[in-house]
Amino acid sequence: MIIREIEEFKLTKSKIKAYLSYIFSQNLPNFSEDIDEEKILKSCKNISDELMGYDTFYILDKNGYQISDNLVFSAKGIKNTFKGEDKSTKSYYKKAVKEKRAYLCEPYPGTFDSKLKVTMAVPIYSQDKELLYVVCCDILLEDILKLINPSSVDSAFGKISRLSYFIISVTLFCVAAILFYFGVKSIVVTNFSLNDTSKIFESTILLTLSLAILDLIKAYFEEEILGRHEKNSTNSKTMIKFLSSIIIALAIEALMLVFKFAMTSPDEIIYPICLIVAIAFLVASLGLYIYITKKSYFLKTK
């Protein structure tokens, strides 16, 4: 799921960069004497072993020209010839040279396939702090997510989780369809009378519940299966939809009880009034939850 992978990358980018920076800094020679291409390639092999082989390495000179082949250590040293290619316009090269430190670029599609990948670029300096090389490592996005977070969306657990949510969504859709069927049937088949409006309210409740469940399914499907999260979202859309469904159902039930007791037992109207008060408390609690989570989010981003 490309959208969900990108969302997960945004959330874990700082952790990924810190992890890769540590591995590269521990293995690559930097600010030392006698740094050459052979030593760097040997260090890249060590890094590849730590990254479990999810990588392609190549070396750029200080001007951004590739001076080595693309080295895929996980494929037993298979090399793809891109030697001499000018990569000085690539964002990862320019950023790494400008910031004088390791840089992790945003996901982008590969040249030969549509799979997303990221590039880690690390500048190599001499003992006199003169730029010598820029070591680059291309890693598939799905692989780096698995490496950092074993329970990521493309792991076995992630796939089972999405399948579970899909089954739940289909089941809820069946429930909503049944409620809709009986709601429509109650309107079409029943002979209404002015003295008995309970069937109208029952039908309204069934149809409203069906609509609320469909809205809940939509939130589940977008958030948990497709991985679509609203930008700067501070709370769970699914939980808000779920609470909203409960509030709507209770509000309709309270309305029905008010009319019912008003016509049949005015002395017992206190009970639906208590239900209305409880619903007002739920609405206030939901509003407070949204307010607190948004306030907490803005305080963290300051």
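A residue counts as buried when its relative accessible area is under 20%, as exposed when it is over 50%, and as partly exposed in between. The exercises below use this scale on a predicted model.

**Exercise 1. State how many salt bridges the whole structure has, and describe the one between E106 and K13.**

Step 1. Searching the whole structure gives five salt bridges.

Step 2. In one of them, the side chains of E106 and K13 meet at 2.5 Å, N to O. E106 is in the loop between β4 (103–104) and β5 (108–109), while K13 is in helix α1 (residues 2–27); the two are 93 residues apart, and the pair links distant parts of the chain.

Step 3. E106 has a relative accessibility of 40%, so E106 is partly exposed. K13, at 22%, is partly exposed as well.

**Exercise 2. Which parts of the chain does the salt bridge between K62 and E130 link?**

Step 1. The side chains of K62 and E130 meet in a salt bridge of 3.9 Å, N to O.

Step 2. K62 is in the loop between β1 (56–61) and β2 (70–72), and E130 is in the loop between β6 (116–125) and β7 (131–140). These distant parts of the chain are 68 residues apart.

Step 3. K62 has a relative accessibility of 42%, so K62 is partly exposed. E130 has a relative accessible area of 43%, so E130 is partly exposed.

**Exercise 3. Describe how β1 is covered and which strand it is joined to.**

Step 1. β1 is mostly covered, with six of its six residues buried.

Step 2. T56, Y58 and L60 point one way from β1, while F57, I59 and D61 point the other way. The residues on both sides are all buried.

Step 3. β1 and β7 run antiparallel and are joined by six bridges. T56 is opposite D138 in β7.

**Exercise 4. Find the residues that touch the most other members of the largest nonpolar core, and say which elements supply the core.**

Step 1. This core has 29 residues. Those that touch the most other members are I16, L20, F24, L28, I40, L51 and I144.

Step 2. At least two residues of the core come from each of α1, α2 (37–50), β1, β6, β7 and α4.

Step 3. Apart from this core lies another one, of 12 residues, including Y58, Y93, L131 and C136.

Step 4. L28 is in contact with I40, S43, C44, I47, V122, I124 and V135.

Step 5. Helix α4 (residues 141–148) is mostly covered, since six of its eight residues are buried. The buried ones are L141, D143, I144, L145, L147 and I148.

**Exercise 5. Where is A102, and is A102 buried or exposed?**

Step 1. A102 is in the loop between α3 (91–99) and β4.

Step 2. The relative accessibility of A102 is 15%, so A102 is buried.

Step 3. A102 and Y92 are 10 residues apart along the chain, and their C-alpha atoms are separated by 9.1 Å.

Step 4. Beyond the neighbours within four places in sequence, A102 is in contact with K17, S21, M120, A121, V122 and P123.

**Exercise 6. In which strands is the confidence lowest and highest?**

Step 1. The mean pLDDT of the protein is 81, and 82% of its residues reach 70 or more.

Step 2. Confidence is lowest in strand β3 (residues 78–80), at a mean of 54, and highest in β4, at 94.

Step 3. Where pLDDT is low, the predicted coordinates should not be read in detail.

Note on methods
Residues are numbered from 1 along each chain as its sequence is written. This is a predicted model: local features need pLDDT of at least 70, side-chain atom pairs count only at pLDDT 80 or more; totals for chains, interfaces and linings use all residues. Side-chain values use heavy atoms; hydrogens and water are left out. Buried means under 20% relative accessible area, exposed over 50%, partly exposed in between (1.4 Å probe, protein chains only). Helices (H or I, at least four residues) and strands (E, at least two) are DSSP runs, numbered from the N terminus. A salt bridge is a side-chain nitrogen of Lys or Arg within 4 Å of a carboxyl oxygen of Asp or Glu. A nonpolar core is a set of buried Ala, Val, Leu, Ile, Met, Phe, Trp, Tyr and Cys residues joined through side-chain atoms within 4.5 Å. Contact means heavy atoms within 4.5 Å. pLDDT is the predictor's confidence in each residue, from 0 to 100. Two strands pair if DSSP finds at least two bridges between them.
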